[in-house]
Amino acid sequence: MMELMTFAGIALIKIVVVLIVVLTTVAFLTLAERKVLSWMQDRMGPMEVGPYGILQPLADGLKLFFKEDIIPAGANWALFSLAPILSLVPALIGFAVIPYGPNKEVELFGYTFKPFVITDINIGILYILAFASIGAYGVILGGWASNNKYSLLGGLRAAAQVISYELNIGLAIIGVLILSGSLSMVKIAEAQAGGFWHWYIFGGLQVIGFVVYLISAVAETNRLPFDLAEAESELVAGWMTEYSGMRFAFFFMAEYTNMVLVSCVAAVLFFGGWQAPYPGTLLPENLAWIEGIFWFTVKVFFFLFMFFWLRATLPRLRYDQLMRFGWKVMLPLALANVVLTAIVVYLVRQ
Amino acid sequence: MENPTMTLGQWVKRLTFYEILIGMKATITVFIQRIILRNRPAVTLQYPHEKRDLPGSYRGMIALLRYDDETEKCVGCDLCEAACPSRVITVISAEKEGEPMKRYAKEYYMDMSRCIFCGLCIQACPVDALAMTKEYEWAVYNKRDLRLNKPQLLALGDRNFPERERKIEFQHHNVAFFNIGHHDLPPMTSKDQPPVTP
């Protein structure tokens, strides 16, 4: 009984820490996006709340929290209320299997635990993909339950888009899975130790897989240039048209949480997770975790910057272009990557 | 992929997302200039804290002017009212006490909520009694606050044009008040005043 209590207590502490870190990142990601976009467009971005607008996320959060809770008259209130939760929770659940630092056991006050790996389930990547698909239900249900044609169109678009690009994500990572021989995020990251030439994008020649993954991840998170579901110039705000206040904030947080999640997955699968780009570690053995977390953070934030960079550069695709690109370009490329990787791995391991 | 005769170079460009990379280079160049090199200022102004320089010909709020001896320039001729295309101006003119040939604006109203800032009233005024200031921050909660009366319009003129024109003292009372543009005045007779050149 005591053992179970300890296990549950440590797990709860880890969950709380991860949630705080992720949600803080998400909050300041909204500010970072506005700032980066404005710097790329000769503007200043938010400047009023705090020095250089640094407290803008707090002001936004307070505003959204105190807004009136509006449910449209014709809406299905149960699904209307469920949709934001269904959108945010799967996005947050994925963080349970991300390895943030070295897979080391630490002993503290007589308890042994792994501080930087919440859980190491052996189908980690499958778990993330599965919950990412559930997240799409939030968008679809939110679009349907709003009783609004723009919301419905946005939800339908999101459904088609997410299904198309989920397939490409699943195929793009198969190269990595062939190379590592495991679905566990920790094992995949550990297999890439020893310098950047061992990372799967360079050492495993997964460039095609990485590019397909990155593009599909942008589409999967409904970000520009694939924000067909939101498309404010065509569909008002897509599936979010009727949402306001905290419900809207949930959708908003889900979008940014998904961005962080796919960035984490990209870092782990293709860029070695917490592994430094040089062999071994610079810091002594017992401080190596600082270096691991540092490199993981650098990689994740590079991908997040990539999202902003793409958004600042590219206009939105047309719907038929999006579908054609997904099925006629990304899918064959991902399949070719699987075949090529399989052949190369077979020949090398002979 | 619609074009069957794509050259090898075109294929390479398409496969490497060449055109997209060009665009990404443009945005990152601006980003680096702005944040790392710091040689590219923002084009926006932090408006309530910073304000842009207005050109000399800026058309802002309209004001009534005075001469240097604090008397009003306006002679109550109603020409501004006639010139106004949106019927902003209402002039109620009256004779000056004891001076039957001299008139003045007993009441003068401008409904600035209707004003289109065309400047026709300023052009129409024969005595240059109206002028446009550079004031533009005139948002009010009650639109009736924009109906300005004569003291308000004079106060606007006072605070925007501290240097006042000299009053023309030498005019005969019987000269019609339309002739008074200071550019076609008779030569000066008074000793202490410099001659006015055209």
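**Reading the folds of chains A and B**

Chain A has 12 helices and two strands. The model is predicted.

Q: In what order do the elements of chain A run from the N terminus on?
A: The order is α-α-α-β-β-α-α-α-α-α-α-α-α-α.

Q: Why is chain A called as compact as a globular protein of that length?
A: Its radius of gyration is 21 Å. The globule rule gives 20 Å for 350 residues. The two values are close, so chain A counts as compact as a globular protein of that length. Along its principal axes, the C-alpha trace spans about 60 × 50 × 50 Å.

Q: What share of the residues of chain A count as buried?
A: The share is 42% of 350 residues. A buried residue has 20 or more other C-beta atoms within 10 Å of its own.

Q: What share of the contacts in chain A with a separation of 6 or more comes from residues 24 or more positions apart?
A: Such residues account for 77% of those contacts.

Q: Why are H3(A) and H4(A) called roughly antiparallel?
A: Helix H3 (residues 77-93) and helix H4 (residues 124-145) of chain A pack at about 160°. Angles over 145 degrees count as roughly antiparallel. Therefore H3(A) and H4(A) are roughly antiparallel to each other. Their axes lie 8 Å apart, and the crossing is left-handed. Residues making the contact include Leu79(A), Phe80(A) and Leu82(A) of H3(A), with Phe131(A), Ala132(A) and Ile134(A) among those of H4(A).

Q: Which domains does the assignment give for chain B?
A: Domain 1 covers 1-46, and domain 2 covers 62-168 + 176-182. Their centres, taken over C-alpha atoms, are 56 Å apart.

How values were computed. Residues are numbered from 1 along each chain as its sequence is written. Chains are lettered from A and ligands numbered from 1 in the order in which they are written. This is a predicted model: local features need pLDDT of at least 70, side-chain atom pairs count only at pLDDT 80 or more; totals for chains, interfaces and linings use all residues. Domain bounds come from an automatic or database domain assignment. Helices (H or I, at least four residues) and strands (E, at least two) are DSSP runs, numbered from the N terminus. The radius of gyration is taken over C-alpha atoms; the globule rule is 2.2 Å times the number of residues to the power 0.38. A residue is buried if 20 or more other C-beta atoms lie within 10 Å of its own, exposed if 12 or fewer, and partly exposed in between; C-beta atoms are placed from the backbone. Two residues are in contact if their C-beta atoms, placed from the backbone, lie within 7 Å. Axes are lines fitted to C-alpha atoms, for helices over the stretch in contact, and angles run from 0 to 180 degrees between N-to-C directions. Angles under 35 degrees count as roughly parallel, over 145 as roughly antiparallel, 65 to 115 as roughly perpendicular and the rest as oblique. A crossing is left-handed if the near helix is turned anticlockwise from the far one by less than a right angle, and right-handed if clockwise.
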